[in-house]
Amino acid sequence: MDPRVRRHAEIIVEHSTGVEAGDRVAVTAPPVAEDLAVAVYEALADRGAIPVMLYAGRFGSSRAERAYLRGVDADDVAEPEHLTALYGNVDVAIRVRADDNVTELADVASETQAAFQRAYAPTRTEMLDTQWCLTQHPAPANAQLADMSTEAYEDFVWNAVDKDWDAQREHQQQMVELLDPADEVRIVSGDDTDLTMSVAGMKTLNDHGEHNLPGGEVFTAPVPDSVEGEVRFDLPLYHQSKEIENASLEFEGGRVVDYDADRNADVLGDVLDTDEGARSLGELGIGMNRDIDRFTYNMLFDEKMGDTVHLAVGMAYDECVPDDREPNESAVHVDMIVDMSEDSRIDVDGETVQRDGTFVFEDGFEE
């Protein structure tokens with residue numbers, strides 16, 4: 001086994017989830033990620049945890065998921081209550097992504113996929129109430145999607161995962177301290193993006209490799225009805241096994257009132273029509289991981305890139321929303337990315353805190 005796989009497992013169990021003796025742990029990993037699953041089990045044994053392995057299901061075998069979704073009517077897709085119950089009885093959930101075929105779900109009807117998202121929402125909520133971690137094993141299909149050799153993709157993934165997370169946390173905390181007390185954020189990029197939103201009272205979180213591995217972002221939840229303006233996502237989105245290019249959204253009163261894309265605009269429309277909450281923003285995220293320096297069609301990495309902002313339509317994370325407010329609720333949480341490296345800025349309460357990808361607390365920032 002590549003020693004970097006065992007190192008990856010150690011980071012998951014020690015840094016990301018802090019597994020302790022007696023913890024009940026659910027590990028979801030597809031067969032192509034078996035090496036990482038084995039290494040995780042070794043690390044769990046060392047810590048005295050009690051694991052259970054899930055090879056199929058929402059984040060396991062995409063072939064099994066396709067078989068089910070092509071064989072069931074969208075109206076008959078129901079919540080997997082037994083899986084919800086399992087997550088209600090575990091302390092830690094570890095989810096590993098890896099693909100044999102990144103387009104496995106391409107011939108599943110979009111309405112069936114949307115129905116499955118809605119049915120799965122209570123299970124996801126239960127899982128998010130655990131100490132959870134989502135990570136990536138560098139499978140050949142994911143390397144192919146990233147237009148990289150398998151070896152180069154392995155280097156990319158493990159270099160992004162195995163880093164000084166304490167130093168990354170300290171770097172990102174500088175942005176947390178600017179954003180957390182703020183009232184208004186404005187995102188401007190080129191001629192097609194000028195978006196304002198309130199973040200007043202919302203909590204800003206520092207993602208340094210715990211829930212997401214790799215980490216590398218600062219994120220919060222916009223006040224749902226405050227978002228105004230237009231945004232064009234100049235980096236593509238890979239969703240439902242289809243590529244959405246140059247997606248654009250127009251917001252009024254916090255709701256998407258118009259949308260378009262150069263490719264697969266219908267898929268974007270299906271996302272927005274999933275439920276009532278899918279047309280509002282659930283997340284504003286700012287990428288700050290300089291070691292993720294290329295786009296790979298994998299949102300777990302791409303949203304962390306330096307020089308980017310990402311916005312998610314749909315569900316807001318409860319941790320970002322004070323107890324006295326209702327979070328935006330949806331069965332979907334779909335991130336889309338704006339390249340902020342040129343002709344761009346982020347304003348916080350009228351002050352520019354990032355220009356052309358450089359933060360106010362970094363060398364090279366220009367007023």
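1. A crossing of two helices is called left-handed if the near helix is turned anticlockwise from the far one by less than a right angle, and right-handed if the turn is clockwise. In this predicted model, where local features need pLDDT of at least 70, side-chain atom pairs count only at pLDDT 80 or more, and totals for chains, interfaces and linings use all residues, the crossing of helix 1 and helix 7 is left-handed. Residues are numbered from 1 along each chain as its sequence is written, and side-chain values use heavy atoms, with hydrogens and water left out.

2. The axes of helix 1 and helix 7 (residues 150-161) come within 10 Å and cross at roughly 35°, where axes are lines fitted to C-alpha atoms, for helices over the stretch in contact, and angles run from 0 to 180 degrees between N-to-C directions. Helices (H or I, at least four residues) and strands (E, at least two) are DSSP runs, numbered from the N terminus. On the side of helix 1 the contact is made by Arg4, Val5, His8 and Ile11, and on the side of helix 7 by Glu154, Asp155, Trp158 and Val161, contact meaning heavy atoms within 4.5 Å.

3. Helix 1 also meets helix 2 (residues 34-47), the two axes coming within 8 Å and crossing at roughly 50°. Helix 1 and helix 2 are therefore oblique to each other, given that angles under 35 degrees count as roughly parallel, over 145 as roughly antiparallel, 65 to 115 as roughly perpendicular and the rest as oblique. The crossing of helix 1 and helix 2 is right-handed. Among the residues in contact are Val5, His8, Ala9 and Ile12 in helix 1, and Leu36, Ala39, Val40 and Ala43 in helix 2.

4. Five strands form an open sheet with parallel pairing, in the order 2-1-3-4-8; two strands pair if DSSP finds at least two bridges between them. Its edges are strand 2 (50-54) and strand 8 (212-213), each of which pairs on one side only. Helix 1 (residues 3-16) packs on this sheet, where it touches strand 3 (92-97), strand 4 and strand 8, and its direction makes about 155° with that of strand 4. Strand 4 (residues 131-136) is joined to strand 8 by two bridges in the parallel sense, and Leu134 stands opposite Asn212 in strand 8.

5. Strand 1 runs parallel to strand 2 and is joined to it by five bridges, with Met53 in strand 2 as the bridge partner of Val27.

6. Gly48 sits in the loop between helix 2 and strand 2 and is partly exposed, with a relative accessible area of 37%. Not counting residues up to four places away in sequence, Gly48 touches Ala21 and Gly22. The C-alpha atoms of Gly48 and Lys304 are separated by 33 Å, the two residues being 256 residues apart along the chain.

7. A second open sheet has eight strands with antiparallel pairing, in the order 14-13-10-6-5-18-19-20, and its edge strands, strand 14 and strand 20 (358-359), each pair on one side only. Helix 9 packs on this sheet through strand 13 and strand 14, its direction making about 165° with that of strand 14. Strand 10 (residues 228-233) and strand 13 are paired in the antiparallel sense over five bridges, and the bridge partner of Val231 in strand 13 is Leu249.

8. In helix 9 (residues 265-272) the buried residues are Val267, Leu268, Gly269, Val271 and Leu272. Their cover includes strand 11 (237-239), strand 12 (242-244), strand 16 and strand 17.

9. Strand 15 (residues 281-287) has seven of its seven residues buried, so it is largely enclosed by the rest of the structure. Strand 9 (residues 217-220) pairs with strand 15 in the antiparallel sense over four bridges, and Glu217 stands opposite Gly287. Strand 15 also pairs with strand 16 in the antiparallel sense, over five bridges, with Val309 in strand 16 as the bridge partner of Ile286.

10. Ser330 lies in the loop between strand 16 (308-314) and strand 17 (333-339) and is buried, with a relative accessible area of 10%. A polar atom of the Ser330 side chain lies 3.1 Å from the backbone nitrogen of Val332. Leaving aside neighbours within four places in sequence, Ser330 is in contact with Arg124, Asp275, Gly277, Ala278, Gly314 and Met315.

Conventions: Buried means under 20% relative accessible area, exposed over 50%, partly exposed in between (1.4 Å probe, protein chains only). A polar contact is a pair of N or O atoms within 3.5 Å; within protein, one must be able to donate a hydrogen and the other to accept it, and residues adjacent in sequence count only if both atoms are side-chain atoms.
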